[in-house]
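Good morning, and thank you for coming. I would like to walk through one structure with you, beginning with a term that we shall need.

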Amino acid sequence: MKAATRLRAGDAVAVSTAGLRARRLRAALSALGVAIAIAALVAVLGVAESSKAELLDQLGRQGNLLTVATGKTFGGDPAPLPATAPAMIRRIPPVRSVTAVGNVEGVTVRRSAAVPSQQTGGITVLAAQPSLVDVLAVPLARGAFLPHPAFPEVVLGDATARILGIGAIDAQTQVYLGGTYFTVVGILAPTPVAPEIDTAALISYDVADELFQLQGRSSRVYLRVDPDQVADVAAVLAFTAAPQDPRSVEVGRPSDLLLARIAAKGAFVGLFLGLGSIALLVAGVGIANIMVISVLERRAEIGLRRALGARRRDVAVQFLLESALLTTAGGVLGVALGCLATAVAAHLAGNPVAIPVVAPIAGLAAALAVGALAGCYPALRAARLPPADALRTP
Amino acid sequence: MTTALELHLVNKIYPPPTTVTALRDVSLVVRTGETVAITGPSGAGKTTLLSILGTLERPTSGAVRIAGTDTTDLSDPDLAGVRAWHLGFVFQQFFLLDHLSVLDNVATGLLYRGVPAATRRARAGEVLERVGLSGRLRHRPAQLSGGERQRVAIARALVGQPAVLLADEPTGNLDSATGQEIAALLAGLGGSTTVVLITHNMEVAATMARQVQLRDGRILDTADAP
Ligand SMILES: Nc1ncnc2c1ncn2[C@@H]1O[C@H](COP(=O)(O)OP(=O)(O)O)[C@@H](O)[C@H]1O
Ligand SMILES: [Mg+2]
């Protein structure tokens with residue numbers, strides 16, 4: 001007797017899609033839950049990658065930047081570096097370029113003389129050399145970098161400009177600095193490697209010596225080094241800068257700051273991925289719930305299909321496929337939404353759009369896995385339903 | 001005369017907590033092309049008997065032979081194959097799929113044989129013409145009357161030209177005139193198709209060549225129609 005049954009793959013898919021189409025709204029809503037979770041996951045990965053791409057890019061460029069700064073003396077005041085420090089550092093062979101800044105003590109910056117001097121807003125006044133822009137590789141957001149060193153001109157760090165509320169500059173833009181009005185000639189772009197420059201008002205050494213008796217002293221030296229010999233130079237820097245008292249100076253590698261920020265971002269990404277996964281889990285439970293309800297409602301259909309010759313396996317596949325199709329549709333929608341969100345976020349932050357290839361693939365794989373997992377139990381239940389019982393459904 | 005269906009000393013005891021004995025030592029032989037009505041009051045075991053004849057349920061003891069093959073040791077896929085190729089079912093509740101057209105509902109009768117979709121539809125169209133519904137192919141079941149729905153269900157059972165058609169109270173949801181039409185349609189299949197029909201309507205039972213009475217899970221007597 002001829003008795004082999006088989007269900008064509010194309011027919012299996014058609015049966016499952018028809019089953020979903022018969023309950024359109026319910027299918028759409030439960031797929032939406034998956035879509036939102038997947039979109040969140042893809043967006044987290046994408047946004048993190050886009051901003052990390054920016055940081056890594058900086059890290060590559062800033063890895064050979066070192067700083068030497070004064071430590072604190074017993075009194076708590078920052079002692080200036082020895083006057084010879086910049087010149088001595090410049091003599092170390094792998095050092096490519098050097099620039100120094102000098103902390104101008106006891107001088108405040110305000111919008112005008114009318115603002116009380118207590119309101120300094122945390123702005124420090126630094127004497128800077130023209131080479132600062134090149135050594136730090138920091139572009140000017142506006143204007144020029146101290147073009148007339150003999151005149152009372154000032155360049156503002158990115159944060160300083162915001163604190164003082166100065167956006168655009170013209171020949172009349174001035175700030176009240178240590179009892180004198182200085183013309184604002186430039187505003188620096190943000191300097192993630194040197195946060196102290198962000199919050200500084202930079203004036204020329206000439207003016208600082210003349211008005212505030214700085215005497216050419218430096219409080220911090222920035223240097224660029226042959227990238228292969230960063231560690232070697234760092235090891236001898238303290239002694240070179242202050243041979244009498246090497247322990248009074250602090251040597252720093254600002255790119256460590258970037259590394260810390262990347263690590264911090266990684267921690268956040270982990271957190272958000274965790275939250276996204278929980279959202280996906282909840283969506284998966286929702287799918288399982290919908291599928292169990294579907295199996296209960298469709299007992300008669302299950303019985304009928306068994307009577308028409310469906311094997312247990314065919315019934316299981318039907319419900320498993322329904323669940324997987326549902327979450328895959330949600331996954332496709334979620335990946336699209338997630339990529340869109342990433343592009344928008346990167347655009348707003350001014351970062352390059354960098355969606356890691358794994359994000360859409362992992363998103364779809366996760367959706368499919370959730371569908372398969374969520375569909376397992378309902379599919380098994382449907383397959384185990386004795387056909388005669390299923391057909392006794394009123 | 002070859003045998004289409006054979007039950008030998010079949011017992012069916014539903015497991016606890018109910019532990020109902022639905023069939024007791026039922027033996028029945030249905031010859032190929034014969035039409036048989038199984039009658040009896042509610043709870044007599046008619047549906048259980050049909051489920052066992054249709055391999056939808058296994059007996060607690062006893063043997064079920066379909067076209068000479070003992071089904072006792074067949075696996076689930078094998079039994080599914082027997083249903084797909086040899087048996088057609090018609091139910092009181094029609095069990096049509098609401099979201100499919102009349103044509104696709106009937107075509108579903110060939111789905112689990114692995115027949116390509118185009119062939120399924122073509123055969124469904126032919127058999128729908130036979131039951132007088134060729135004008136209704138694109139309709140949804142909800143747009144049909146009860147009698148028309150049962151004709152669709154019969155077409156679905158017949159589309160694969162099964163040797164045996166098993167019908168459980170096919171007229172139970174129909175008015176008596178429509179029920180008689182459906183009974184006549186089924187009776188007309190006799191000769192080429194073996195028909196076993198469950199009913200507690202004597203008029204419907206009379207359309208079949210033979211009547212078997214079931215009481216409390218036992219067969220009372222068998223009377224061949226003249
Ligand atoms: N799945 C089941 N579990 C327990 N008892 C059942 C089950 N199905 C049917 N029965 C019982 O078996 C007996 C026969 O039922 P059934 O075959 O449906 O009778 P009929 O179709 O003649 O009305 C009834 O007493 C019924 O309650
Ligand atoms: Mg019954």
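This is a predicted model: local features need pLDDT of at least 70, side-chain atom pairs count only at pLDDT 80 or more; totals for chains, interfaces and linings use all residues.

A residue is called buried when its relative accessible area is under 20%, exposed when over 50%, and partly exposed in between, using a 1.4 Å probe and protein chains only.

Residues are numbered from 1 along each chain as its sequence is written, chains are lettered from A and ligands numbered from 1 in the order in which they are written, and side-chain values use heavy atoms, without hydrogens and water.

Let us turn to confidence. The complex receives from the predictor an ipTM of 0.95 and a pTM of 0.75.

Next, the layout of chain A. An automatic or database assignment supplies the domain bounds: domain 1 comprises 9-59 + 259-391, and domain 2 comprises 64-254. Their C-alpha centres are 54 Å apart. An unreviewed UniProt entry annotates residues 276-387 of chain A as "domain: ABC3 transporter permease C-terminal"; such annotations may be inferred rather than shown by experiment. That stretch is 88% helix and 0% strand, where helices (H or I, at least four residues) and strands (E, at least two) are DSSP runs, numbered from the N terminus.

Now to salt bridges, each a side-chain nitrogen of Lys or Arg within 4 Å of a carboxyl oxygen of Asp or Glu. Over all chains there are 16. Which residue does A:Asp158 pair with? Its partner is A:Arg162, with the closest N and O atoms 2.7 Å apart. Both belong to helix 5 of chain A and are 4 residues apart, about one turn of the helix.

A second pair joins A:Arg298 to A:Glu301, at 3.0 Å between the closest N and O atoms. Is A:Arg298 buried or exposed? A:Arg298 is buried, as is A:Glu301. These two also take part in a network of salt bridges with A:Arg305 and A:Glu322. Finally, A:Arg311 and A:Asp314 form a salt bridge at 2.9 Å, N to O, and both are buried.
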